[in-house]
Structure formats: structure tokens, C-alpha cells
Amino acid sequence: MAHETDCSTVPRRQLGRYLTQLRTDAGVSLDDAARALRCSRQKIWRIERGMIAVRTPDLSVMCDLYRVVPAMAEVLSGVAREGRARGWWQAYGDAIPAWFSLYVGLEEAASRLRHYNAELVPGLLQTRAFMLELHRVNRPELPAAERDRAIAVRLHRQRLLVRRLPPAPDLEVILSEAVLRRPVPDRAVMRDQLHALRDHGWLPNVHIRILPLSAGPPLAGEAGTFTVLDFPRMRPMSPAEPTTIYCEGLTGALYLDRPAEVAAYTRIWRGLDAAALGEEQSRKLIEAIAEEYGDD
């Protein structure tokens, strides 16, 4: 069964905001909308949050209920069609949890990604051997077929860093020095991973910086690992998708886009940015630590 989040994420979220505003302007409550669509209040809420795609009959009922003018109804219909389009990740089925499928759609649409991690090399920069070693240590019970599908998804995600159309996003990564010094059991794999991390930094759109242990405990220690996603304007006359903060947990994730939430994480990022080494210094530190794991 396909996940509800397999469809194109950004158009769904845009449509949800349009529908929320139109419902509010029309003075229609969530309960009233649910009765008109003969569905639960929760379904209306999920549509408005961009969590699920909108079926054409439901959109027609909403437009009538909210007294939407024909020209606007046509715009909404077009956005809804985009929201029902399938992403490449749908082909991987259950290899991608529903809550992470939403993130993959946002990642694909982003023009800028800012990622902080104090624990692990992020998935977009991992080598296949490093992924295999992580699965061997952390999920040894996982069948080989499931493991291989999970790795295939991560490798496919990495293509966005070198794609041509749409332009590849800018990726800014700040890693704690501890990430470099916490090896997987196979030291050769860790050495090669650090070499790959260094080499990724040569891409014009990838910027990797290290937060040295000497910088002391960062404010980000309260926030944990997070990604800030910024988006381009999808249409000339439409507003840009709001900046979104993604915080991943073991069994789910948070997607934060309220101004106060974004401001809080932006403040944390500024602190990290001020404390991290420059790109050249970071590259030298990565190379030096890689040498500690053995010779080629």
C-alpha cells in the first residue's frame, strides 16, 4: 500500500494553506467542513496541513462550501493535481516510513539545506560501506533484502547534490568533531568515510564545517540533530514555501514551520556558524583524523 505522504509534498502543503485561509474567510469551522465532506474532522486537518492529497470530489465540495470564485477554484485544482503526483521514493514502498517520506519530498524541493549533527555523518554524505557497517552494528536482525532497499533509498537521495534540473540545493553541514572521532568497528570504512566527507566539500554547492570540541557545549545541545530547509518560489506570483525545521527521532519526526520555531532554530544555527571552523580548516581536521584510522 502506498503511503499517504508519497505524493508531492510542497504542492500539498501550499494547497493546505490556501484551503485553510479560504475556510477561515468563509467562516466555516472544521466540523462544518467535515460534515459537508462526510468525513472526520481529522481528515480536514490533515488536508490543511498538507499531510494527505485531496481527491477531486472533495476539493469540489470545499470550493462550493467556501464560496471560491471559479478562477481561484481552477488554481486550486491545478495545485491539487501536482500534489497527487508520485515521487521517485514511492517505488521503494515500506523501505521508507510514512513520516520520513514527507521529509524526502521536502528535501527534493528545497533550494537550501542546513544540517547540524553531533552524532553521525548525515545520510546525504555517507558512503555505501559506511551504511552497511551501520546496519551491521545497529540492526543486525534486518533481512538483507530490507537492508539493501534502505541503502538504495539513501543512495538515491544523494543524487540531488549533483543534479542539474532543478538546480541542486546548497547543502551546509556543521558536524561536531565527535562525529569524526566516533568510529564504526571497521576502521578502514571509517577512514574512507572521512575521505569521502572531505571530497564532498569540493562540490560547489556543498559546504562542510566542523565544530571543534574546544568550542565547548553548543546551544544546539538542547536541540539535537536538526535540518533547516529553505524553498524556492514555486510560481512567479505565489509565496515561497515557508522555511521548515526537521527534527528526526527513532520512530517519528517533527516538522516545525511556525515563525517562533524557525526563529529559535535560526538563532541556534547562528551560534553554530560562529563557533565552527572555516571550510579549509575543517578539511584539514578531517584529513588529520582520517590518518589516525590507518594508511591507504
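Author: Two packed helices are described by the angle and the distance between their axes. In this predicted model, the crossing of helix 7 and helix 10 is left-handed, meaning that the near helix is turned anticlockwise from the far one by less than a right angle (clockwise would be right-handed). Helices here are DSSP runs of H or I with at least four residues, numbered from the N terminus. Residues are numbered from 1 along each chain as its sequence is written; local features need pLDDT of at least 70, side-chain atom pairs count only at pLDDT 80 or more, totals for chains, interfaces and linings use all residues, and side-chain values use heavy atoms, with hydrogens and water left out.

Reader: Which residues of helix 7 and helix 10 make the contact?

Author: With contact meaning heavy atoms within 4.5 Å, helix 7 contributes Ala-129, Phe-130 and Glu-133, while helix 10 contributes Val-189, Met-190 and Gln-193.

Reader: And how should I look for empty space?

Author: Rolling a probe the size of a water molecule over the atoms shows where empty space is left. A cavity is a set of points on a 1 Å grid over the protein atoms alone where a 1.4 Å probe fits but cannot get out, and its lining residues have an atom within 4 Å of a point. Searching the whole structure gives one cavity of 30 Å³ or more, and the largest cavity holds about 50 Å³ of space, a volume being the space filled by probe spheres set on the points, which are joined across faces, edges and corners.

Reader: Which helix gives the largest share of the lining of the largest cavity?

Author: Helix 12 does, with three residues; the lining includes Leu-197, Gly-201 and Arg-283.

Notes. Helix = DSSP H or I, 4+ residues; strand = E, 2+ residues; numbered from the N terminus. 1 Å grid on protein atoms, 1.4 Å probe; cavity = no way out; pocket = protein on both sides within 12 Å on 5 of 7 lines; lining within 4 Å.
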